[in-house]
Amino acid sequence: MKTILIVDDEAQIRDIICKYAVFSGYKAEQAENGMRAVEMCRAKAYDLIIMDIMMPELDGFSAMREIRKTSDVPIIMLSARGEEYDKISGFEMGADDYVTKPFSPKELMLRCAALFKRSGGGSDTDKPYVFGGLTVDITARIVTVDGKRVDMSPKEYDLLFYMVENKGIALSRDKLITAVWGYDYYGDERTLDTHIKLLRKSLGAYSDMIVTLRGMGYRFEGENALS
């Protein structure tokens, strides 16, 4: 499991990124400023760093400069400023990507996955999951049932992909809603149940792979033939 270091002087932002990172299958650690980030990187190797630019004690650019003296770890810079010269400066100093606040945590996690893939650290989700006649290719966002491609809504895809990546694990309704709809979702659980019903219909003969856990949530059951 890859470990991401999240560096930002705002605790709320760190916590949000941390929660999304964990839901995406990563470990996450936090640093409240650039100085602390440099100290942590000297003591431990991280797989990726998400770092704000404007911070007390040591700003993100200065921290990145220190980290780059001993490590080529992928770094995504966060900034409330979107000026082109800031981005150019960041890339020239060694940043791998640049995200302007406010940002989508889901998009940020996709950027992390893309960096891991480019750096040769792609995850097992690069390979399709095969459960008999059901094939789930998360990278290509393609699902086939007995060789026929299935068209589903974006949320159905997201829901299936999350459950497949966590196959065999009991997933509460709250966890599924948070992972697929986000922390700011305020609808009721019937939305999830409706999407599960639609998803089962799309899976046809393989609908029983989605098991209902009464009073709790759901679990995806199936043996991946390519594992």
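**Notes on the model**

1. N224 lies in the segment that follows β12 (217-220). The model is a predicted one. With a relative accessibility of 11%, N224 counts as buried, because the cut-off for buried is under 20%. Leaving aside neighbours within four places in sequence, the contacts of N224 are P128, Y129, V130, F131 and K167. One of these, V130, is 94 residues away along the chain, yet its C-alpha atom is 5.2 Å from that of N224.

2. For the overall picture, the protein has eight helices and twelve strands. It has 227 residues, and 44% of them count as buried. Among contacts with a separation of 6 or more, 57% are between residues 24 or more positions apart. The accessible surface is about 11900 Å², and carbon and sulfur atoms make up 50% of it.

3. Which residues of helix α2 (residues 34-43) are buried? They are G34, A37, V38 and M40. Viewed down the axis of α2, these buried residues fall within an arc of 165°, so they line one face of the helix. The exposed residues R42 and A43 sit on the face turned away from that buried side. The cover over the buried residues of α2 includes β1 (3-7), β2 (27-31), β3 (48-52) and α3 (60-67).

4. Twelve salt bridges are found in the whole structure. One of them joins the side chains of D52 and K101, at 3.3 Å from N to O. This pair links distant parts of the chain, 49 residues apart: D52 is in strand β3, and K101 is in the loop between β5 (97-100) and α5 (105-118). Both partners are buried, D52 with a relative accessible area of 3% and K101 with 15%.

5. Another salt bridge is formed by the side chains of E66 and K69, at 3.0 Å from N to O. Here E66 is partly exposed, at 27% relative accessible area, while K69 is exposed, at 59%.

6. The side chains of R173 and D193 also meet in a salt bridge, at 3.2 Å from N to O. R173 lies in helix α7 (residues 173-181) and D193 in helix α8 (residues 190-203), so this pair ties together parts 20 residues apart in sequence. R173 counts as buried at 16% relative accessibility, whereas D193 is partly exposed at 26%.

Methods. Residues numbered from 1 in each chain as written. Predicted model: local features only at pLDDT ≥ 70, side-chain atom pairs only at ≥ 80, totals over all residues. Heavy atoms only, no water. Helix = DSSP H or I, 4+ residues; strand = E, 2+ residues; numbered from the N terminus. Buried < 20%, exposed > 50% of the residue type's maximum accessible area, 1.4 Å probe, protein only. Contact = heavy atoms within 4.5 Å. Areas by Shrake-Rupley, 256 points an atom, 1.4 Å probe, with all protein chains shown as cover. Arc of directions from axis to C-beta. Salt bridge = Lys/Arg side-chain N within 4 Å of Asp/Glu carboxyl O.
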